[in-house]
Amino acid sequence: MNLCNVEHITKSYGIKPLLTDVSFSLDKGDRVGIIGVNGTGKSTLLKIIAGLEPADTGQVTYANGLVIEYLGQNPDFDPDSTILDYVFSSSHPLMVLLKEHESILKQLESQPEDTSCQQKLSQIHQQMDSMQAWSVESEAKAVLSRLGITNVGQTMGSLSGGQRKRVMLAGVLIRPSDLLILDEPTNHLDTDTIDWLEHELQRKSSTLLLITHDRYFLDRITKRLIELDKGNAYGYSGNFSYFLEKKAERLEREEAVEKKRQNLYRNELAWIRKGAKARTTKQKARIDRFEALQAAKPDSPSQEMDMAIRGQRLGKKVIQFDQVTASLGGNVLIDQLSVIVQPQDRIGIIGKNGMGKSTLLKLIAGDLTTYSGDLTVGETVKIGFYTQEHLEMDESLKVIEYIKQAAEQIRTSEGQLISASQMLERFLFPPDMQWTPISKLSGGERKRLYLLYTLIQAPNVLLLDEPTNDLDIYTLSVLEDYLEHFPGVVITVSHDRYFLDRIAEKIWSFEGNGKIQSEVGNYSEVSELRAKRQTAAIEHSPAGSQGKSVAASSSAQPEAKPKKRKFSYQEQQDFEKIEGWIADVEARLERLEAEMVQAATDYEKLAELTQEQNECNQKLEQLLERWTELEELAEQLRHS
């Protein structure tokens with residue numbers, strides 16, 4: 001059954017075209033994801049479909065009686081309404097009845113002897129019985145509780161931004177709808193809650209249209225993707241993994257078509273230059289074909305984002321916690337933490353919202369000074385702190401003015417010195433956009449700008465607080481590639497499981513009551529290890545032992561095979577590249593020896609070369625140790 005048709009939608013902001021002749025349909029049961037680079041109009045398209053913003057041309061048609069629920073990134077709300085009032089704010093008869101039920105209950109709390117209220121409550125109960133509303137009300141409160149909202153009498157204005165987002169998410173999940181439209185629903189949710197949300201959406205019967213940067217979420221929820229690219233919409237019948245494969249094929253086809261067009265164009269151009277004149281019908285047709293080939297030239301290919309920015313050198317001593325305890329508002333968030341951060345560490349921080357993850361980053365950055373214990377930061381450490389709220393940007397500043405506050409010139413990883421304007425171009429801010437006020441940028445574009453602001457200060461320890469929020473998938477992929485080769489330390493708070501699997505080699509997990517557990521591995525590896533521990537704990541408990549003996553007595557149940565150990569993503573990457581890294585360091589050592597001979601009488605230069613030689617020798621030693629470790633592991637895997 002067709003629910004909605006998007007027909008030839010066009011939308012521009014000023015001279016900037018966002019959507020060009022976009023058309024597609026939504027049928028009952030569809031689960032569609034919208035993807036594309038920030039600024040391509042994804043959120044605008046959702047607002048047009050939800051009826052919140054008009055298109056310049058084209059139209060959206062709906063099935064009769066279609067009920068739409070929309071969750072935007074910054075939804076409107078009445079600050080004086082209670083949480084429950086907001087959740088039940090719908091013209092749907094069921095929601096009206098539930099809201100009336102809550103209102104009568106409040107009246108009876110203050111006037112328990114009011115017979116008219118009691119009579120009205122009795123009538124409402126009969127209506128709720130007939131409409132089977134009791135289960136909806138209990139489910140509503142269960143959903144709110146699962147999202148960390150327990151006091152449903154609080155006003156919306158008294159909540160934090162993250163709490164409001166969760167209440168609004170609960171509202172669209174609870175209210176009945178035919179079409180559910182979600183713009184970045186996983187923002188501000190911890191990993192456990194995202195897992196829960198996946199299950200909730202999988203069991204809902206509503207047609208689903210969403211934007212998300214969470215690639216695991218896309219894979220598990222969507223059955224179809226629409227990519228927005230340069231104003232055009234491309235459809236893919238499959239999840240995110242399928243999209244990656246088919247997009248590569250599409251780009252190959254487009255490249256082949258363009259090569260063929262260029263060859264024809266060169267031939268026709270040579271003919272035109274010979275002085276062809278439209279004297280005959282045949283010649284006129286050929287000139288028309290030349291003009292058509294010329295007009296068919298595609299837009300310039302998408303510029304690739306380049307994060308090749310040099311960081312400062314980092315010494316052996318980075319960060320050390322010794323019995324550090326920190327409290328906020330009387331709550332102990334970090335309790336007697338003792339841990340050492342090593343050079344080139346990649347640490348992912350996870351835990352439920354409100355446990356103190358952001359507080360830990362602020363502690364490292366020096367923004368929080370009230371704590372006990374010893375926190376030591378190395379002398380060579382230069383911290384770049386990408387905060388969750390991001391820096392208070394002066395929205396009246398133009399893009400280039402904002403970046404020049406951090407640096408007028410930037411040193412790239414190749415040693416080249418380039419201007420702030422050139423670096424902005426590498427971050428997909430073309431010259432005409434650099435003079436745009438920050439207030440005109442989309443949320444994702446602001447995030448990308450703030451990321452550049454953080455990186456161009458040449459840090460060697462990166463603190464990233466929820467860096468994946470509002471960044472598009474393409475920017476995330478480039479950021480992940482950059483962080484993999486970043487020569488310093490990366491410590492990130494993130495709920496993005498895919499991001500943590502690619503970046504993290506250690507996980508710091510907030511367990512509650514200020515306790516932080518450190519484990520080696522990425523998110524999936526640590527989660528798997530914890531699941532095994534939990535299973536083992538159940539099996540060794542009295543109830544688990546009894547269940548185990550019962551299972552053992554039945555020969556019908558085959559024994560589960562242990563999961564085979566394999567390389568992690570990072571181990572595989574290191575194994576493939578480490579010999580090349582060793583060769584590069586050895587080659588550099590040979591060149592250093594030759595330079596030291598030439599600089600035998602230049603003591604200042606000789607001291608610099610000697611220091612670099614020592615650093616290279618240390619690096620070579622680390623690489624050789626890593627190579628031995630990986631070779632031993634590879635040998636074990638070959639014989640397992």
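A residue counts as buried when its relative accessible area is under 20%. By this criterion, 44% of the 640 residues of the protein chain are buried in this predicted model. The chain exposes about 33,600 Å², and carbon and sulfur atoms supply 49% of that area.

The protein chain contains 21 helices and 20 strands. Among contacts between residues at least 6 apart in sequence, 67% join residues at least 24 apart.

Six of the strands form an open sheet with mixed pairing, in the order E14-E17-E18-E12-E19-E20. Strands E14 and E20 stand at the edges of this sheet; each has a single partner strand, and therefore one side of each is left without a neighbour in the sheet. On average, neighbouring strands of the sheet are turned by 15° against each other, direction ignored.

Within the sheet, strand E12 (residues 346-350) pairs with strand E19 (residues 506-512) in the parallel sense, over 4 bridges. Ile347 has Lys506 of E19 as its bridge partner.

| Helix | Residues | Strands touched | Angle between directions |
|---|---|---|---|
| H11 | residues 357-365 | E12, E14, E17, E18, E19 and E20 | about 155° with E17 |

Definitions and conventions
Residues are numbered from 1 along each chain as its sequence is written. This is a predicted model: local features need pLDDT of at least 70, side-chain atom pairs count only at pLDDT 80 or more; totals for chains, interfaces and linings use all residues. Side-chain values use heavy atoms; hydrogens and water are left out. Two strands pair if DSSP finds at least two bridges between them. Helices (H or I, at least four residues) and strands (E, at least two) are DSSP runs, numbered from the N terminus. Axes are lines fitted to C-alpha atoms, for helices over the stretch in contact, and angles run from 0 to 180 degrees between N-to-C directions. Contact means heavy atoms within 4.5 Å. Buried means under 20% relative accessible area, exposed over 50%, partly exposed in between (1.4 Å probe, protein chains only). Accessible areas come from the Shrake-Rupley method with a 1.4 Å probe; for residues, only the protein chains shown count as cover.
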